[in-house]
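Please find below a note on the two-chain model under review. The points are numbered so that each may be answered separately.

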Amino acid sequence: MLTYTLRRLLILIVMVIVITFLVYLGLELTPGDAVSFMLNPDDIAGLSVEKMEDLREALGLNDPFLGRYFKWLAGVSRGNFGYSLASGVAIKDIVFDRLPATLELSFIALLFSTLFGSIFGCLSALSKGSLADNALTVISMIGVSIPQFFFGLVAIVVFAFRLEWLPVGGRLMPGYATYWDRLPHLILPALVLAAALTASVMRYARSSMLDSLNKDYIKTARSKGLPEWRVNLMHGFRVAMTPVVVLIGFRLPSLIGGSVVIEQVFQWPGIGSEFVSAVKGQNYPLVMMIAFFFVLIVLISSFLVDLFTALLDPRVKLA
Amino acid sequence: MKKTNILALLLVLILLPAVIWAGGGGEATTKELKGLNTNPLSDYRVRQAIAYAIDMDTVVDTLLEGKARVADSMVPPGPWKPEGLNPYGYNPNKAKQLLKEAGWDANYTLDVVFYYGDQLTVDFMTAVQSYLSAVGMKIKFRKLEGDLKALLWTRPEDPVNGPAAIAWDLCYGASGPLVMQDFYGQYSTGAAGNSHTPSNPELDALLAAAKSSPNIDTQIKAMHEVQKNCNEYLPMIPLFYLELYIFESNKVNRKGAPYGNEGWNYDWKILDWEVTPDAKGRQVLQTDGAPVEFFQEPWYVAGKTYNRFMFDQLIRADAAMLPVKGALAAEYKVGADGKSLTLTLRDGIKWHDGSAITAEDIKWSIEYSLKVPAIQAMFSQTFKSLEGAKAFIAGSADGISGITIQGKSITLKFSELDPFMLTTFSQWSPLPKKYFEKSDPLKFQQQSFWQRPVGSGPFKIDKVEMNDYTTLVPFEAYYGGSPKIHEIVLYPSGENEGDVAKYAQVGKLDYGSTKSLSVVKDLEAMSHIRVTPVSIPLTRFFVVNKFPKK
């Protein structure tokens, strides 16, 4: 186990370096730089070219490509994440400011989707061919097919404009003192984000449960005279959850990164929308740091999936 | 004289005009602009043909849904525009005839660029492509990405003969300066951003005349001549004038305050505004444009909504943007020759942190303005015209010698006439020196000051939740008195234009302004929102590259 963990950690470090370098290379190949995006195109004709160059120099944008990358890497290894080129704010402050909003949204969505996806998927499998099974299958198909932004807009029209039950967007408003004050703002984006994942978890759980119910060990359990609920829950459900956990584990990073669309639709001030702004503005230290963070989450999730798979499925051994 | 010498002389006399015509010869007068060089667009008949070929009336009626006006000059309608300009109404036959006269090569493909990301721009480009195709002109259009300053406005090394340092033929852009002369500023020889127009002494003289007098009537008369010249020879092709739309909810009562150009500062009488009180009896005004990562500095974006609430100017402009009275300066006096200005600060004026606004703050702010990377061109022009500004910029002087302080008075002496100095001081806001003393001016916008700026205007910052909301409250020491509004809440606008309509729909926006036609359409459909169109100088046009291409 220790050897396995150390080996994975080593791979993780190499992967981080390779992926962040590729992200850096991608940014370098993109036309323009941070200075180009700081100014309104309609107002730049009369600006001094020399001053723009001086600003580039002051921000370190004229340094050689590899030099800038290794400077960034060295900074990160010392815990210095740098400063936003646009605002001069420390990047760790931006990340720590925005990350809680995204984590809040993602974990609520993950919780909803895991809970409802697993339960409905298994119920669907247990009542295979029934009206309930068919209805759940259709619902899950719809959930997977509808784009998130469209689902979000429909939710806003219905729940914010028509019914006026929930706010149209945002996260904090003046006068909010407790978490409960801002909870209504979380409901719509979290449910919309959860919807697509619930549908895919449901489909996975259903097919996995059906597969599991046909296995020999289920027949053995039944032949031993165990009650049906216990056969389904302890023997069927537990094994059926293995691929579902893999799916959920791999969805966690994409859920955080994929919340970009939802954050834009609901003006949710998370790390996803910050990432989009940073990429558009060629704010490379910020892009690099957020990308670094995403890479870490993906790699750590992958590691955790392996661990959980081994715990859930006795046939899997870590080596 | 020998026969061979006579023949050589004759040959030179014959070839010389041809060489000049082909682009090898010096500056051209306007009348010579028929094929100034190898670039077909250097022939004004080709530019006229483009203007005749595009049916702008139909474009305005259909694509722009009637929410724009066809332009025949860069300057919008009003006293600054002369009567009788050629409107270049849709006339494809005339366009074809002009192209034939100019010897247009039907195989040449015009490279048209733009930098806006909206669908309307693409639709307009498609329409232009269709119109020009109908008169035998091929075009391709593309969106420019990257370093736009370099791609659009890099000047050629030789401002007379080029070749161009840019690759495009036409660029679709917009211009909305505060002073009408700035519509044409970049068309003079060697001007910053003149990547497109070869030296034309006649136009240079007309432009210089428009800036040579502090007298408004003289300026207007000179500007009429500039426009007549440009209307005939089209160094740029004006397309349409846009309007600004100010929207207010039925909770807002401006108490008769005028509507003006919300992109700049004017006397909008914000102290008088009233908002229907909420359940707690407080007047809360909700608006958009809250900062997402930092407050944008007011020397580059003077008219940003929060800047207009938080920063004051030395002189106040009226709704017509004319400087009319003192603001932070109790009084101001222009010297008889128009080359000096004395500003006397009010007694007891303070920054939002409670410290006094001093004449030294004003002097320092002017000097610092010349060191920061981005500043409005009008401000820069005024400050560069000060005596000793050149030495200060070059680093050979510690300060600008043309600025002297005596108590509360600041006297500015100009080495050359700047007819817009009063307008500059009606828009430019001084900043508190103490927060920037040890900072790098190149990283002006990156200073921590812009996370929570200290201003001088009628409202100060109460709370900043970056990217969530910002609240402003009345500044108790404001010299003009106390506003009736108790609190201003600003929400971020987001990158999606539709967010404005969304927030207005649910009652989260009481006031704002937009130039987006789709947003205006949505706002007009809301019964609790009133929309007021305001004519502002904002012209969409084609910049035409007339330098020979490499």
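1. The model is predicted, and the points below should be read accordingly.

2. In the interface, 45 residues of chain B are in contact with 48 residues of chain A. The area buried between the two chains is about 3800 Å², and carbon and sulfur atoms give 57% of that area. Across the interface, 19 residue pairs are in polar contact, both residues being at pLDDT 80 or more. On the side of chain B that touches chain A, α6 (148–153), β16 (469–474), β17 (487–491) and α14 (498–505) each supply at least two residues. Of the elements of chain B, α14(B) gives the most to this side, namely four residues. By residue class, the side of chain B that touches chain A comprises 21 nonpolar, eleven polar and 13 charged residues.

3. The rule finds one salt bridge across the interface of chain B and chain A. Its partners are D147(B) and R56(A), with an N to O distance of 3.2 Å. Both residues also belong to a network of salt bridges that links D33(A), E53(A), R56(A) and D147(B).

4. Over all chains, the structure holds 36 salt bridges. One of them joins the side chains of E274(A) and R98(A), at 2.3 Å from N to O. This pair links distant parts of the chain, with E274(A) in helix α11 of chain A and R98(A) in helix α5 (residues 91–126) of chain A, 176 residues apart.

5. A salt bridge in chain B pairs D267(B) with K325(B), whose closest N and O atoms are 3.3 Å apart. D267(B) lies in the loop between β6 (252–253) and β7 (274–275) of chain B, whereas K325(B) is in strand β10 (residues 323–326) of chain B, 58 residues apart. D267(B) is buried at 15% relative accessibility, while K325(B) is partly exposed, with a relative accessible area of 41%.

6. E476(B) and K460(B) also form a salt bridge, their closest N and O atoms being 3.1 Å apart. E476(B) is in the loop between β16 and β17 of chain B, and K460(B) is in strand β15 (residues 459–465) of chain B, 16 residues apart. E476(B) counts as exposed at 61% relative accessibility, but K460(B) is buried, with a relative accessible area of 19%.

7. Q282(A) has a positive phi of about 55° and is placed in the loop between α11 (271–280) and α12 (284–312) of chain A. Q282(A) is buried, at a relative accessible area of 7%. In chain B, L234(B) has a positive phi near 45° and sits in the loop between α8 (216–233) and β5 (236–249). L234(B) is buried too, with a relative accessible area of 2%.

8. Where is the cis peptide bond that joins G162(B) and P163(B)? P163(B) is found in the loop between α6 and β4 (170–175) of chain B. Omega for this bond is about 5°.

Methods
Residues are numbered from 1 along each chain as its sequence is written. Chains are lettered from A and ligands numbered from 1 in the order in which they are written. This is a predicted model: local features need pLDDT of at least 70, side-chain atom pairs count only at pLDDT 80 or more; totals for chains, interfaces and linings use all residues. Side-chain values use heavy atoms; hydrogens and water are left out. Contact means heavy atoms within 4.5 Å. Buried area is the accessible area (1.4 Å probe) that two parts lose on being put together, summed over both. A salt bridge is a side-chain nitrogen of Lys or Arg within 4 Å of a carboxyl oxygen of Asp or Glu. A polar contact is a pair of N or O atoms within 3.5 Å; within protein, one must be able to donate a hydrogen and the other to accept it, and residues adjacent in sequence count only if both atoms are side-chain atoms. Ala, Val, Leu, Ile, Met, Phe, Trp, Tyr, Cys and Pro count as nonpolar, Asp, Glu, Lys and Arg as charged, and the others, Gly among them, as polar. Buried means under 20% relative accessible area, exposed over 50%, partly exposed in between (1.4 Å probe, protein chains only).
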